[in-house]
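Hi everyone, thanks for coming.

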Amino acid sequence: MAQEEIRAELARVAATLGAPASVVVELETPREKSHGDLATNLAMALAKPLRSSPREIAARLVSGLRFRPGLVEATEIAGPGFINFRLGAAQLVETVHAVLAAGREYGRARADPPLRVNVEFVSANPTGPLHVAHGRGAAVGDCVASLLEWSGHAVTREFYVNDTGIQVRLLAESLWARIQQRVGREAAIPEEGYHGGYLAELAGRLLAERGAALADEEPATGVKICRAFAVSALRGEQQEDLARFRVNIDVYFDESRLYAERRVEAAIASLEARRVLFEQDGALWLRTTAFGDDKDRVLRKSDGSFTYFLPDIAYHEDKAGRGFDRAIDVWGADHHGYVPRMRAAMAALGHGPAFFAALIVQLVTVLRHGEEVRMSKRAGEFISLRELVDEVGVDAARYFFLMRRSDSPFVFDVDLATSRTDENPVFYVQMAHARMSGIFRVGGLGPASVAADGVDVAALSDPSEVELIKVLGRFPLVVRRAAEALEPQRVTAYLEELARAAHYWYHRCRVLGEPRALERARLALARATQVVLANGLGLLGISAPERM
RNA sequence: GCCCCUGUAGCUCAGCGUGGAUAGAGCAGCGGUUUCCUAAACCGUGUGUCGGGUGUUCGAGUCACCCCAGGGGCACCA
C-alpha cells in the first residue's frame, strides 16, 4: 500500500540523516483536505535529536525522498514542519485493485514477529445467566481477539470458570433450598444466596432427573449433587448464550485445575525464588509496592486459606507457562482497582510490561422507550444477554457494545437499535452494504465476476468516487491502529465514515446503464466498497446482508 | 481519607497513549434542492471558557501538579 511505501521511504531517508531508531515514522490523514492525502510530523519529531529546526530537517528529508513513478504527485513542507503528500491519480486505481485482489483478506496484516496472545473475557461465575454487561465484555473481548488476528497474531479466546469458592457454594445451597421447597418443605435460601427464578426451574429439572428421593439425601450430599448439577447446567447455558452471540471460546479454564495441577504452590515457589514475599502477622504477603502498587497484598491469610489474589496470579503464570507472549484480560468495572496489583504481580514474576494488559468494561444501562430499565442481580431481576439479543438481534447488540470506548459507561437504547433509519448506525452501515449488493442483483451480475483489470482510471473522476476510494484505502491502517490500541470503536467509527461515503456516491453516481467503460469502473468500485464493508463488519462479528 | 474512571457543540460521542497546522463527527435545529440501482438522500448553516487553575514547552484538548463536579473502588471479601 501507498502508506507503507511512503513510511518505509521516510524511514530510510531519516536513517541516512542520522535519526535514532526510537523515532517512529507515523503517517496521518490530515483533517484539512488542502493539506494533502497523507502527512507526517517526522521532521518535528527529529528536531530535538538532530538539533536542528523542523523545517530545515523537513527540507533535507524531502530532498532525499525517491518514490517510484506515480506514487506521489506532490510533496510539500507546511506549517511548523509537516510534510504533506498528495498521492498520484494512479494510486486510486491501485487501491481498487488491491481491494479486489485481496478480497476477504483485505485489511489483514502480517505481524513481525507474530505473537501468541491470550484474550480472556466474560469469565462469569457459573451462578446464573449472562447479563448485558457480560454481553458487552463478550463483544469487546471477541473483537479485540479478532483485531489481533487480523494483525497477524495467534490468538486464543479464553473463559476462566470460577468453579470453586463461596459463590458456587452459595449457588449449591440455594438450589438445595429450592429442591426442598419443591417437595413442599420449609426451606430458606441463604441470605447472600441466589434468589433468581431460574434456580426454581433448575430444581424442577434436577428432581425430574434424579427423582423425589433426592430431597431426602443428607444435606451435605444433596448440596454436593446440587453443586455439580447447577455448575454444569449454568455453564452450558452460558455457552449457548455465547454461541448464539457468535462468540466461540477456545478454552474454558477451570479454577479447580489450578489446585489439581498444584499451580498455586508453583506460583508461591516462583515468587519465593524472586524474594518478593514476606511474612507478617501470620500471613504471607507479596511486596507489590516494589512494583507500583500502593500497598502490599496478602496471598495467604493468617488462617491458612488463600486470598483470591493468589490463584489469579497462579492462573496468569500458567498462561505464560502455556507459551503466551501476551495476556489480555477484559474485566468488569468492579475489578478496576485490581489492575495495579495484578500488573505488579506480573512484574514481580519477571514479565515485561507488555505481557499483561487489562481492559475495563464499564456498566451498561438499558434504555427502553426513553426509560431506564433497572437491573439488580441480587433481587433476581436483571436483563439477560439472551433477552437483549431476542429483542434487538445479535448484529445490533454487538455493534452497539463495540461503538463506544469500553471504559466509558454505555447507555443501550433499545429503540434506536431496532429502528430502521439512518440514525441507527448499524442499520446505516449494513444498508450501505445491501445497496452495493443491490446494484449487482439488479444488474444480474455476480459480484465476484468483477475484476479491476481494464478499469479506466479517468472514468472514476467524480469527487464522490475519489473520496470513496481514499476511504477504502485507509482500512488496513484503521485495523492496525485499532489493534494496537485494543479499541474496537475505531472500526465502527470508520465503517460509519465509509458507509457515509458509499451512500453519498450511490446517490450521486449511477452505475448500471452508464457507458461501458464507466459502468465497468463503477462496478469495480461498488464491489470494492462491498468487500471492505463486509470485511469490517465481519471483523466485528456482524453480518453483511445482501438486502434488507 | 486514599486510588481509578469520566467531564469536549443543544444531545450522543471521536480526538488525549506517541503534544503540532483554523478542535471534529453523527443526531437535533434552521434554510434550500431532489424523488432516480432499496425503504429517503443531498447542499448550506457551529461566537465550543475542550470542567477550572497553575506549570512544562517554540507549541497543550493532549503532558505534570492542584482544585471542582459525577460515577466506581477500597478488606487477611469473592
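Two strands count as paired if DSSP finds at least two bridges between them, and helices (H or I, at least four residues) and strands (E, at least two) are DSSP runs, numbered from the N terminus. This is a predicted model, where local features need pLDDT of at least 70, side-chain atom pairs count only at pLDDT 80 or more, and totals for chains, interfaces and linings use all residues. Residues are numbered from 1 along each chain as its sequence is written.

Let's begin with β6. With strand β7 (residues 251-254), β6 pairs in the parallel sense over 4 bridges, and there Tyr-160 stands opposite Phe-253. Strand β5 (residues 116-120) pairs with β6 too, again parallel, over 5 bridges. Here Val-117 faces Val-155, and Glu-120 has Glu-158 as its bridge partner.

How buried is strand β6? Of its 8 residues (154-161), 7 are buried, so the strand is largely enclosed by the rest of the structure. Buried means under 20% relative accessible area (1.4 Å probe, protein chains only).

Now zoom out. The open sheet has 5 strands in the order β7-β6-β5-β11-β12, with parallel pairing. β7 and β12 (356-361) are at the edges with a single partner strand each, so one side of each has no neighbour in the sheet.

Finally, a helix: α11 (residues 309-321) packs on the sheet, touching β5, β6, β7, β11 (326-332) and β12, where contact means heavy atoms within 4.5 Å. Its direction makes about 155° with that of β6; axes are lines fitted to C-alpha atoms, for helices over the stretch in contact, and angles run from 0 to 180 degrees between N-to-C directions.

Definitions and conventions. Chains are lettered from A and ligands numbered from 1 in the order in which they are written. Side-chain values use heavy atoms; hydrogens and water are left out. Buried means under 20% relative accessible area, exposed over 50%, partly exposed in between (1.4 Å probe, protein chains only).
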